[in-house]
Structures are given as structure tokens and as C-alpha cells.
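Let's take a friendly walk through this model together. Keep the 3D view open as you read.

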Amino acid sequence: MASVPELPEVETTVRGLEKVLLGRRIAHIEPRRGDLRRAFPPDLGQRLTGSTVTALGRRGKFGLLHTDRGDTLVFHLGMSGKWRVDPDELHAHDHLLLETEEGKRLVLNDPRRFGSVDLVKTDKLQSSPGVGALGPEPTDLDADVLHSIFRGRSAPIKALLLDQRIVAGLGNIYACEALHRAHINPRRAAGRLSRQTVKRLVAAIREVIDEAIEAGGSTLRDYARPDGELGYFSKRFAVYDREGKTCGCGGVVRRIVQSGRSTFYCPRCQR
DNA sequence: AGATATTCCTGGAGGC
DNA sequence: TGCCTCCAGGAATATC
């Protein structure tokens, strides 16, 4: 199943990159075309060549490479972005090459080009357009705070879960899975959820995300497949992409469209 | 102000 | 087999 990178996939990717980049000096960085979603920073090569990667991290679906020169490379995998380690050869849509002093080569491939690569001053990261606008990580979600954010909102809960300013890192797949886990109908108005229900939702989000990260870690072993691809793994979903199949409760999974995208849920156990 | 629609992009799937 | 249309989706932007 070709799934879109969400928080767990980015986390797995970053852990894979950490193994080959942490403490290493960037000898060479080369855009192979000028842009993904946006143009690459024109001074990318100048600012990163010769710098040492001091730490890697993740915020929401953004991957972060911090350097000893006070710059942070911020990447987003969009819908189809992936990093490969030491590729045998270059493919179509290999948009960015990075080589360490040791000769490790990394390639960012993104056929649909919904991804992005930006360079931000590390001390300005929290006020940068992408990362700065993010809500809390699922780990830091507070049910009472979330409940008060939902108050008065008439939009369906599913739509608000996709809003990165409310929770960072959820995409269509894990939003569907979390709502299923919490037994919440995706069409319910967010403002009408009880405090107790929001508590259940927060727990479900954490579980779904943690299990996916766990699956990524155990499936990939060393966080790279034999072909060097980082971050993608197969995970079995309860409702996502399972229209017409039976839910664990005996109900039948339905697909509906909400604000232009698919929602999968079980009408029997999600009220 | 908040909710929803549109835009970007390409590969793959399905129809005829 | 080949051509066509449609669909997937994150996030920025536009519009209601």
C-alpha cells in the first residue's frame, strides 16, 4: 500500500537519516531541479556545504537537520517524498542530492512534488511560517485545552484533526484511524464533543501514532529497507482504505467525502 | 471569523 | 493495447 507520509513515517525517516548524518560534515549538496512545492533556497549549497549536522529532529510532519552554523534544513515529504541512502543510480524525480565527507549519499525523491525544502535560522524556527504555526505534538496534547479549542466550532471533527495548527502531524490516514479507535463519528461537530469524548480522542491519537512509529521501527530494522529507502512501512489499518470490508465490531466500513477528501469509518461503532 | 473550495503535481487505476 | 478521465492528498490561498 502506498501511503502518504504522516508523523510516524517522518519520524522513522528522521531516525534513519540520523544514523548516517548525525555528527557528519556535509561535503556536497546539489539540487537537481530548482524546486518542489517552492523554489529551493538559492543559498542552500553555500550555507550547508562544509557544515556539520549537530542534531536531527521532527516537528509535525517536518523533518529537521540542524547544523553547527546555526542553520536548520526543514524538509516536508508532501505526498510522495522519500529519502534513499546510497542509491545505486539516480531516478526520475530525484530532486536533491546530499553527500557527507565519508561519501554517504542521500537522495530526496518526490514524484508529485508536494514536498518542500527550506533553510531557516535555527533560533528563528519557532517563528518560521511552517513549523512556527504548528499546534502541539500528539504527545503534548492536553484534552482540556483541546476541548476548549473545539468549543463553538461547527466543523466536523475530522476536518479539525487535519488542521496542523490544532494538532501537528495527523494526516488523512491517522485522523481516520484515531476517530475509529475513539469510536467517534467523523461527521460530528467538534464543538459538540464532551470533555470525556475528547479525552478518549486524545488517548486514541497517541496510541495510533505510537503504534505506527513502533511498526516503522520494527518493520524496517535499522530504519532502511534493502533498497535504502527510509521511512515507509506497511501497517494494517482498521478503517483507512477498507471501504466495504468488515470492521472488528462486525459493521461495514464506509467511505464518505469530507471537504474534498475521503473519510473511512464504521457507522456501527463510531457514533 | 470560520467553513469550505481551489490550486499545485504525477502515477496508477479503471473504463471503453 | 491505447487513450482518456479520475483520484489520491498537505498546505497555501481564495472565496463564500
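## Contacts with DNA strand B

An N or O atom in the side chain of Arg-153 lies 2.6 Å from a phosphate oxygen of DNA strand B. Arg-112 turns to a base instead, with a polar side-chain atom 3.3 Å from a base oxygen of DNA strand B. For polar contacts, the pair must be N or O atoms within 3.5 Å; within protein, one must be able to donate a hydrogen and the other to accept it, and residues adjacent in sequence count only if both atoms are side-chain atoms.

Which residues are around DNA strand B? They are His-93, Pro-111, Arg-112, Arg-113, Phe-114, Arg-153, Ser-154, Ala-155 and Pro-156, where a residue counts if one of its heavy atoms lies within 4 Å of the strand. Of the DNA strand B atoms within 4 Å of the protein, 68% belong to sugar or phosphate, and the rest belong to bases.

## How the model was read

This is a predicted model, so local features need pLDDT of at least 70 and side-chain atom pairs count only at pLDDT 80 or more, while totals for chains, interfaces and linings use all residues. Residues are numbered from 1 along each chain as its sequence is written, chains are lettered from A and ligands numbered from 1 in the order in which they are written, and side-chain values use heavy atoms, leaving out hydrogens and water.

## An open sheet

Four strands make up an open sheet, ordered S1-S6-S7-S5, with antiparallel pairing. Strands (E, at least two residues) and helices (H or I, at least four) are DSSP runs numbered from the N terminus, and two strands pair if DSSP finds at least two bridges between them. Strand S1 (26-31) and strand S5 (82-85) stand at the edges with a single partner strand each, so one side of each has no neighbour in the sheet.

Inside the sheet, five bridges join strand S6 (residues 94-100) to strand S7 (residues 105-109). Leu-98 has Leu-106 as its bridge partner in S7.

Just after H5, His-183 takes a positive phi of about 60°.

Tyr-174, Phe-237, Tyr-240 and Phe-264 form one aromatic cluster. Rings of Phe, Tyr and Trp (its six-membered ring) pair if their centres lie within 6.5 Å, with planes under 30 degrees apart counted as stacked, over 60 as edge-to-face and the rest as tilted. By this rule there are four aromatic pairs. Tyr-174 and Phe-237 pair edge-to-face, 6.2 Å centre to centre with 80° between the planes. This pair links distant parts of the chain, 63 residues apart: Tyr-174 is in helix H5 (residues 172-181) and Phe-237 in the loop between helix H6 (195-220) and strand S9 (254-258). Phe-237 also pairs edge-to-face with Tyr-240, at 5.8 Å and 85°, and both of these residues are buried.

## A buried aspartate

Asp-71, found in strand S4 (residues 71-76), is buried with a relative accessible area of 3%. Its side chain makes polar contacts with the side chains of Arg-47 (2.7 Å) and Lys-121 (3.2 Å).

Notes
Buried < 20%, exposed > 50% of the residue type's maximum accessible area, 1.4 Å probe, protein only.
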